[in-house]
Amino acid sequence: MNANATTDVDLLDLQLTFERLKIVERQNPLSNGARRENTAEHSWSVALAVIIFHGLATVPVDLGHALALAVAHDLPEAFVGDTFVYGHEADSRSTRERLAMDSFLAEAGPGSVKSELVDLWQEYESAATPEARYVLALDVLLPVFFNSRNLDHSSWKRHGVQAADVRARVRMVEDVMPRLAQEAYQAIDHGVRHGALKGP
């Protein structure tokens with residue numbers, strides 16, 4: 001390890017810290033099995049989608065930067081776990097994740113690798129750049145398709161999710177990925193027709 005690379009963090013320990021993401025179970029199923037995805041798998045899926053769907057985005061996207069955001073967007077889950085977006089803890093997610101990342105950064109200096117990771121996460125959370133809005137759109141839309149393709153094991157069915165709530169999330173990102181959003185609305189209707197989502 002290059003001792004000059006950083007003076008305030010052990011890079012190997014930092015890497016190993018985020019190995020935890022491989023065992024953070026999320027609510028969404030794999031699209032083709034009973035097992036639920038973990039956060040590392042989810043982040044990989046979003047990163048792959050960044051490459052696959054960038055031609056459909058209505059905002060200009062720097063692909064490399066969007067990939068970095070996709071990898072970093074759920075780093076707080078290494079400390080606080082996953083928060084189900086339709087669950088009772090959803091309203092407190094932002095506060096809990098912010099506190100976790102503040103604690104993570106507490107011992108780091110300006111320009112450290114830790115601060116770079118936190119900056120990426122903050123950019124994603126603020127959705128203030130085209131790349132952040134693009135990654136957010138994919139983060140919202142992919143679970144719709146995973147659930148739709150695996151209704152028997154879907155988080156929708158398991159938690160009695162309302163179709164209106166899923167549609168509301170899709171509307172948040174529709175302007176960034178309109179064509180994919182239309183596919184998502186059809187997937188939601190499919191979930192309603194087959195009893196996996198509640199409501200019209």
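Is R26 buried or exposed in this model? R26 is buried, at a relative accessible area of 8%. For the terms: buried is under 20% relative accessible area, exposed is over 50%, and partly exposed lies in between, with a 1.4 Å probe and protein chains only.

Some ground rules. This is a predicted model, where local features need pLDDT of at least 70 and side-chain atom pairs count only at pLDDT 80 or more, while totals for chains, interfaces and linings use all residues. Residues are numbered from 1 along each chain as its sequence is written, and side-chain values use heavy atoms, with hydrogens and water left out.

Now the charges. Side chains of opposite charge can pair when their charged atoms come close. The cut-off for a salt bridge is a side-chain nitrogen of Lys or Arg within 4 Å of a carboxyl oxygen of Asp or Glu. Searching the whole structure gives 12 salt bridges.

Back to R26. Its side chain forms a salt bridge with that of D82, at 3.3 Å, N to O. R26 sits in strand β1, residues 25–29, and D82 in the loop between α4 (77–80) and α5 (93–105), so this pair ties together parts 56 residues apart in sequence. Helices and strands here are DSSP runs, numbered from the N terminus: H or I with at least four residues for helices, E with at least two for strands. D82 is partly exposed, with a relative accessible area of 22%.

Next, R93. R93 and E97 are 4 residues apart in α5, about one helical turn. R93 is partly exposed at 26% relative accessibility. E97 is buried, at 2%.

R93 also meets E125 in a salt bridge, 3.3 Å from N to O. E125 belongs to helix α6, residues 113–126, and R93 to helix α5, so the pair ties together parts that are 32 residues apart in sequence. E125 is partly exposed, with a relative accessible area of 27%.

Then the network. Salt bridges with shared partners join R26, E37, D74, E77 and D82 into one network.

S43 lies in helix α2, residues 39–53. S43 is buried, at 8% relative accessible area. Contact means heavy atoms within 4.5 Å. Setting aside neighbours within four places in sequence, S43 is in contact with A70, V71, H73 and D74.
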